[in-house]
Amino acid sequence: MFLRLIPLLLFFAFYHPTQAQRYLVLSKVNKPRKQIIFNEGETIRFRLKGERFFTSASILGLGNDEIRFHYYRIKLDEIEEIDIRNKNFTIFNFKNWSGIFLVAGPLFLVIDQFNQTAIMNESFRVSSETATISGAFVATGLLLRVIGKKRWKCNKKKHRMQILDFRVK
């Protein structure tokens, strides 16, 4: 009896009705590990060739070489630039680390003052070392915010923009 059920169990184990998952992938030509991935349903901010302003729209679907939005479709060749400020695509994400440094500067100052007044029973004064360290944290946070990458230029020599289709075959 059990031997008759094995083919049926194998059929149900490997049969899984799934749909193809498509992704819009931005990557560098020489560094394929540095990728920015946009899924269907995600909001993307882009600038078309010949236009001065950015357009923000939600991705409804991805075709072979086009992106479908609510009222229109755009081919990948028509996009000149994509805003990537809200995407986390590297281990060292400048936006996240700049926020951490901007919070760490004043927090270090507050913790040091609490340590001096509440624990050591000293008077309230800011030492030059504490001010230097706190200022260095804030300056580093501001610097990372300025040098962080905000846009992805879609040229074919350095950057690649493609739609990947993952299907179960």
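User: What makes Val103, Leu107 and Ile111 a nonpolar surface patch?

Analyst: Val103, Leu107 and Ile111 make a nonpolar surface patch of about 280 Å². The term covers residues with over 30% relative accessible area and no salt bridge, with like charges joined within 9 Å and nonpolar side chains (Val, Leu, Ile, Met, Phe, Trp, Tyr) within 5 Å. The model is predicted: local features need pLDDT of at least 70, side-chain atom pairs count only at pLDDT 80 or more, and totals for chains, interfaces and linings use all residues. Residues are numbered from 1 along each chain as its sequence is written, and side-chain values use heavy atoms, without hydrogens and water.

User: Why is isoleucine 111 called exposed?

Analyst: Its relative accessible area is 51%. Buried means under 20%, exposed over 50%, and partly exposed in between (1.4 Å probe, protein chains only), so isoleucine 111 counts as exposed. Isoleucine 111 is found in helix H2 (residues 94-119).

User: Why is the pair of phenylalanine 108 and phenylalanine 137 edge-to-face?

Analyst: Rings of Phe, Tyr and Trp (its six-membered ring) pair if their centres lie within 6.5 Å; planes under 30 degrees apart count as stacked, over 60 as edge-to-face and the rest as tilted. Here the centres are 6.4 Å apart and the planes at 70°, so the pair is edge-to-face.

User: What does the pair of phenylalanine 108 and phenylalanine 137 tie together?

Analyst: Phenylalanine 108 lies in helix H2 and phenylalanine 137 in helix H3 (residues 128-147), so the pair ties together parts 29 residues apart in sequence.

User: Why does phenylalanine 108 count as partly exposed?

Analyst: Its relative accessibility is 30%, so phenylalanine 108 counts as partly exposed.

Conventions
Areas by Shrake-Rupley, 256 points an atom, 1.4 Å probe, with all protein chains shown as cover. Salt bridge = Lys/Arg side-chain N within 4 Å of Asp/Glu carboxyl O. Helix = DSSP H or I, 4+ residues; strand = E, 2+ residues; numbered from the N terminus.
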